[in-house]
Each structure stands twice: as structure tokens, then as C-alpha cells.
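Visitor: Could you take me through the terms used for this model, and set each value against its cut-off?

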Amino acid sequence: MAWVVLVVAGFLETVWAAALSATKGFTKLWPTVVFLVALIASMGGLAYALRSIPLGTGYAVWVGIGAVGTAAYGIFALHDSATIGRIACLVLIVAGVVGLKVLH
């Protein structure tokens, strides 16, 4: 169960990162609300997962999911560049996250 919560918390990191950008410096109400709710839920999920997953593994997986999710959001929704090098680096992050789970 801790791994499922950790993955959901990682996806929520993507939500709060995207919402943070949309707050325009916390001047927009609803993106700020989404940011705060997603941030609290993401941190809460991470904290729950860390009760049974080692800190280094849990944090690296959480950050990896959040980083890849946020980069993917940037590429698909905000039209950030999607170069071969950038995609390759994101694939390496995913491989690292999977490796941490397999080797846990």
C-alpha cells in the first residue's frame, strides 16, 4: 500500500508544480488553492509512505515521478521543447525510479 500512496503522492507533486506556475506569484486564487491542496496531499502521502519505505528510496521515487510528470506536463500542455536529449534524460529518470522499486 505504501508504494501505491508514494506513486500517487509523486503525481500530486506534478499537480502542485503545475499549479504553482499558474498562480502567477500567488496572485490567482484558484491555482493557489489547487497548489496548496495538492502540496499538502503530496507531502502527506510521502510522509505516510516513508513509514515503511526507506527515506532515500522513497524521496528519490517521489521526486523522480514529480520531475518526469512536471516535464511531461510542460512538453504536452505548455509546449516546452521535446528534444531527443531531453526525452532520453527523462527515460533515464524513469529507469532509476523503476530500479529503486525493483531493488527495494
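This is a predicted model: local features need pLDDT of at least 70, side-chain atom pairs count only at pLDDT 80 or more; totals for chains, interfaces and linings use all residues.

Guide: Residues are numbered from 1 along each chain as its sequence is written, and side-chain values use heavy atoms, with hydrogens and water left out.

Visitor: Why are H2 and H3 called roughly antiparallel to each other?

Guide: Helix H2 (residues 29–49) and helix H3 (residues 55–77) pack at an angle of about 150°, with their axes 10 Å apart. Angles under 35 degrees count as roughly parallel, over 145 as roughly antiparallel, 65 to 115 as roughly perpendicular and the rest as oblique, and H2 and H3 are therefore roughly antiparallel. The crossing of H2 and H3 is right-handed, a term used if the near helix is turned clockwise from the far one by less than a right angle, and left-handed if anticlockwise.

Visitor: Which residues of H2 and H3 meet?

Guide: With contact meaning heavy atoms within 4.5 Å, Ser42, Met43 and Leu46 of H2 meet Gly58, Tyr59 and Trp62 of H3. The residues of this contact of H2 with H3 divide into 4 nonpolar, 2 polar and no charged, where Ala, Val, Leu, Ile, Met, Phe, Trp, Tyr, Cys and Pro count as nonpolar, Asp, Glu, Lys and Arg as charged, and the others, Gly among them, as polar.

Visitor: What makes the pair of Trp16 and Phe35 edge-to-face?

Guide: The structure holds 3 aromatic pairs. Rings of Phe, Tyr and Trp (its six-membered ring) pair if their centres lie within 6.5 Å, and planes under 30 degrees apart count as stacked, over 60 as edge-to-face and the rest as tilted. The rings of Trp16 and Phe35 have their centres 5.9 Å apart and their planes at 80°, so the pair is edge-to-face. Trp16 lies in helix H1 and Phe35 in helix H2, so the pair ties together parts that are 19 residues apart in sequence. Trp16 and Phe35 are both buried, and together with Phe26 they form one aromatic cluster.

Visitor: Why is the pair of Tyr59 and Trp62 called tilted?

Guide: The ring centres of Tyr59 and Trp62 are 5.7 Å apart and their planes are at 40°, so the pair is tilted. Tyr59 and Trp62 are 3 residues apart in helix H3 and therefore separated by about one helical turn.

Visitor: Why does Thr57 count as buried?

Guide: Thr57, which lies in helix H3, has 16% relative accessibility and therefore counts as buried. Not counting residues up to four places away in sequence, Thr57 touches Trp3 and Leu100.

Visitor: What is the phi of Lys24?

Guide: Phi of Lys24 is near 55°, a positive value in a residue other than glycine. Most residues other than glycine have a negative phi. Lys24 lies in the loop between helix H1 (2–22) and H2, and Lys24 counts as exposed because its relative accessibility is 55%. Phe26 is placed in the loop between H1 and H2, and its phi is near 60°, a positive value in a residue other than glycine.

Conventions: Axes are lines fitted to C-alpha atoms, for helices over the stretch in contact, and angles run from 0 to 180 degrees between N-to-C directions. Helices (H or I, at least four residues) and strands (E, at least two) are DSSP runs, numbered from the N terminus. Buried means under 20% relative accessible area, exposed over 50%, partly exposed in between (1.4 Å probe, protein chains only).
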